[in-house]
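Please keep the sequence and the model open while you read.

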Amino acid sequence: MIGGIAVVGVAITILVTGVISLGFISMAAGLLMLAIGLCAAGLLVLVCGKFLPWFAKGIAKLWQSLFKKKGGACA
């Protein structure tokens, strides 16, 4: 995301200085990088907020079922 913001800043500078086509191309690349970064951040929040707790609960249930006593006391 930071790279996308930096490229957009450079593209605005290029647009102001006069090379319009290069400025628009750089702007498109920067905005694309920013969009990909935002999607990746959203995916990271989804994975850390939903998948990892579900996965940890599944592992805990599996662990408990493997070591649960099934019957009376053993001597």
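Is the crossing of helix 1 and helix 2 left-handed or right-handed? The crossing is left-handed. Note that this is a predicted model.

**Helix pair**
- Helix 1 spans residues 2-17, and helix 2 spans residues 20-66.
- Their axes come within 8 Å and cross at roughly 165 degrees.
- An angle over 145 degrees counts as roughly antiparallel, so helix 1 and helix 2 are roughly antiparallel to each other.
- On the helix 1 side, the contact includes Gly-3, Gly-4, Val-7, Ala-11 and Ile-14.
- On the helix 2 side, residues of the contact include Leu-22, Phe-24, Ser-26, Met-27 and Leu-34.
- The contact residues of the two helices divide into 15 nonpolar, five polar and no charged.

**Ser-26**
- Ser-26 sits in helix 2.
- Its relative accessibility is 16%, so Ser-26 counts as buried.
- Leaving out residues up to four places away in sequence, Ser-26 touches Val-7, Ala-11 and Ile-14.
- A polar atom of the Ser-26 side chain lies 2.9 Å from the backbone oxygen of Leu-22.

**Met-1**
- Met-1 is in the segment before helix 1.
- Met-1 counts as partly exposed, because its relative accessibility is 45%.
- Leaving out residues up to four places away in sequence, Met-1 touches Leu-34, Gly-37, Leu-38 and Ala-41.
- Met-1 and Val-19 are 18 residues apart along the chain, and their C-alpha atoms are separated by 25 Å.

How values were computed: Residues numbered from 1 in each chain as written. Predicted model: local features only at pLDDT ≥ 70, side-chain atom pairs only at ≥ 80, totals over all residues. Heavy atoms only, no water. Helix = DSSP H or I, 4+ residues; strand = E, 2+ residues; numbered from the N terminus. Buried < 20%, exposed > 50% of the residue type's maximum accessible area, 1.4 Å probe, protein only. Contact = heavy atoms within 4.5 Å. Axes fitted to C-alpha atoms, helices over the stretch in contact; angles between N-to-C directions. Parallel < 35°, antiparallel > 145°, perpendicular 65-115°, else oblique. Left-handed = near helix turned anticlockwise from the far one by under 90°. Nonpolar A, V, L, I, M, F, W, Y, C, P; charged D, E, K, R; others polar. Polar contact = N/O pair within 3.5 Å; in protein donor to acceptor, adjacent residues only side chain to side chain.
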